[in-house]
Amino acid sequence: MPRTTNKQKKLHVKKGDTVVLTKRITAHGGGQNDRPKGYQARVLDVYPGKERVLVEGVNLRLKHTKPNQTYPNGGRIEAEKPIHISNVMAVDGNGAPTRIGRKRVEDPNTGEGRWVRYAKTTGEELDS
């Protein structure tokens with residue numbers, strides 16, 4: 001059944017999660033900035049509409065900028081660019097890559113329920 005109220009896509013990673021790359025990601029510069037499969041880093045930003053994620057130190061590209069207040073001389077600035085979300089997996093408490101599930105938990109004090117993400121390998125909740 002299609003979503004009727006909340007049309008936002010549910011992704012398996014969130015900002016601040018630690019993720020591991022599932023494939024090698026190349027960068028500019030002939031290999032010194034390439035990130036191998038299994039590289040662990042932190043998620044800086046998530047773009048649900050495009051199904052992309054910005055990972056710290058991954059997919060470094062050169063951006064040519066005109067002179068401005070931040071960069072008075074302008075020039076070539078190295079910046080991270082987003083990669084597809086299918087190229088990353090979340091990391092569980094043991095530091096191993098894991099798939100993500102969702103389950104509904106009830107708060108014992110108030111009786112209200114909420115959805116939390118959990119690691120399929122260990123069963124631990126990823127959302128606090």
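This is a predicted model: local features need pLDDT of at least 70, side-chain atom pairs count only at pLDDT 80 or more; totals for chains, interfaces and linings use all residues.
Two strands pair if DSSP finds at least two bridges between them. The strands themselves (E, at least two residues), like helices (H or I, at least four), are DSSP runs numbered from the N terminus. Residues are numbered from 1 along each chain as its sequence is written, and side-chain values use heavy atoms, with hydrogens and water left out.

Strand E9 (residues 100-106) and strand E10 (residues 113-119) run antiparallel and are joined by seven bridges. Pick out glycine 101 and you'll find its bridge partner in E10, tyrosine 118. Further along, valine 105 stands opposite arginine 114 in E10. Six residues sit between the two strands, and in this hairpin glycine 111 takes a positive phi near 85°.

Now for the open sheet. Its six strands come in the order E6-E3-E2-E1-E7-E8, with antiparallel pairing. At the edges are strand E6 (83-84) and strand E8 (97-98), each of which pairs on one side only. Inside the order, E1 and E7 pair in the antiparallel sense over three bridges, and valine 20 has methionine 89 as its bridge partner in E7.

What about the nonpolar core? The term covers a set of buried Ala, Val, Leu, Ile, Met, Phe, Trp, Tyr and Cys residues joined through side-chain atoms within 4.5 Å. Buried here means under 20% relative accessible area, exposed means over 50%, and partly exposed is in between (1.4 Å probe, protein chains only). The largest such core has 16 residues, and Val53, Val55, Ile83 and Val88 touch the most other members. Two or more residues each come from E1, E2, strand E3 (52-55) and strand E7 (88-91), with E2 giving the largest share, three residues. Follow valine 55 and, leaving aside neighbours within four places in sequence, you'll see contacts (heavy atoms within 4.5 Å) with Val19, Ala41, Arg42, Leu44, Glu80, Ile83 and Val88.

Aspartate 34 lies between strand E1 (18-21) and strand E2 (40-47), and it is buried at a relative accessible area of 14%. Beyond four places in sequence, aspartate 34 touches Arg24, Ile25, Thr26 and Ala27. Its side chain makes a polar contact with the side chain of arginine 24 at 2.5 Å and reaches the backbone nitrogen of alanine 27 at 2.8 Å. A polar contact is a pair of N or O atoms within 3.5 Å; within protein, one must be able to donate a hydrogen and the other to accept it, and residues adjacent in sequence count only if both atoms are side-chain atoms. Aspartate 34 and valine 58 are 24 residues apart in sequence, yet their C-alpha atoms are 7.7 Å apart in space.

Most residues other than glycine have a negative phi. Which brings us to asparagine 59, with a positive phi of about 60° although it is not a glycine. Asparagine 59 lies in the loop between E3 and strand E4 (60-65) and counts as buried at 8% relative accessibility. Its side chain makes a polar contact with that of arginine 61 (2.9 Å).
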